[in-house]
Amino acid sequence: GIFLVYDITSERSFQHIMKWASDVDEYAPEKVQKILVGNKSDDVEKRQVATEQGVKVSHLRSVFCNFLQEDSGTSVHDIFKKSLKFG
């Protein structure tokens, strides 16, 4: 699978997701699993990207969506394990 990670405290980071997703569609194998990850979702005060925006992109691009919170103990490894269940 391919992880598309953006920083929820940076609108600019999120804007790049559509380009990256298009690149994956163009260059990766057809059935590759794409996983959208919103990083720093525990930093609510600095949030620039709403959860709904990430969910909307995941539906448009047919990707599994998850949010990574550093303070919750959730790690990229945990998200990777979850993604294996959907593959």
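Which residues in helix 1 are buried? In helix 1, these are Ser-13, Phe-14, Ile-17, Ala-21 and Val-24. The legends below describe a predicted model, in which local features need pLDDT of at least 70 and side-chain atom pairs count only at pLDDT 80 or more, while totals for chains, interfaces and linings use all residues. Residues are numbered from 1 along each chain as its sequence is written, and side-chain values use heavy atoms, with hydrogens and water left out.

**Figure 1. The whole chain follows the pattern β-α-β-α-β-α along the sequence.** The protein has 3 helices and 3 strands. Helices (H or I, at least four residues) and strands (E, at least two) are DSSP runs, numbered from the N terminus. Of the 87 residues in the protein, 32% are buried. Buried means under 20% relative accessible area, exposed means over 50%, and partly exposed lies in between (1.4 Å probe, protein chains only). A contact means heavy atoms within 4.5 Å. Among contacts between residues at least 6 apart in sequence, 73% join residues at least 24 apart.

**Figure 2. Helix 1 bends by about 25 degrees at Met-18.** The bend at a residue is the angle between axes fitted to the seven residues ending there and the seven starting there. Helix 1 covers residues 11–27, and at 1.5 Å a residue its 17 residues should span 24 Å. The C-alpha atoms at its ends are 25 Å apart, which agrees. The expected span is 1.5 Å times one less than the number of residues in the helix. An α-helix has 3.6 residues a turn, so residues three or four places apart point the same way.

**Figure 3. Ser-13 has its place in helix 1.** Ser-13 is buried because its relative accessible area is 15%. Leaving aside neighbours within four places in sequence, Ser-13 is in contact with Tyr-6, Asp-7 and Trp-20.

**Figure 4. Strand 1, helix 1 and strand 2 make a right-handed β-α-β unit.** A crossover is right-handed if, with the strands pointing away from the viewer, the path from the first strand over the helix to the second runs clockwise. Strand 1 and strand 2 pair in the parallel sense over 6 bridges. Two strands pair if DSSP finds at least two bridges between them. In strand 2, Leu-36 is the bridge partner of Leu-4, and Lys-34 is the bridge partner of Ile-2.

**Figure 5. Ile-2 has its place in strand 1.** Its relative accessibility is 26%, so Ile-2 counts as partly exposed. Leaving aside neighbours within four places in sequence, Ile-2 is in contact with Val-24, Ala-28, Val-32, Gln-33, Lys-34 and Ile-35. Ile-2 and Ala-28 are 26 residues apart along the chain, and their C-alpha atoms are separated by 9.0 Å.

**Figure 6. Strand 2 is mostly covered.** Val-37 counts as buried because its relative accessibility is 3%. The C-alpha atoms of Val-37 and Ile-8 are separated by 9.4 Å, with the two residues 29 apart along the chain.

**Figure 7. The largest nonpolar core has 11 residues.** They are Leu-4, Tyr-6, Ile-8, Phe-14, Ile-17, Ala-21, Val-24, Ala-28, Leu-36, Val-49 and Val-57. Strand 1 (2–7) and helix 1 each supply at least two residues of this core. The largest share, 4 residues, comes from helix 1. A nonpolar core is a set of buried Ala, Val, Leu, Ile, Met, Phe, Trp, Tyr and Cys residues joined through side-chain atoms within 4.5 Å. In soluble globular proteins, nonpolar side chains tend to be buried together.

Figure 8. Val-57 is buried because its relative accessible area is 8%. Val-57 and Ile-17 are 40 residues apart in sequence and 8.5 Å apart in space, C-alpha to C-alpha. With neighbours within four places in sequence left aside, Ile-17 is in contact with Leu-4, Val-5, Tyr-6, Leu-36 and Val-57.
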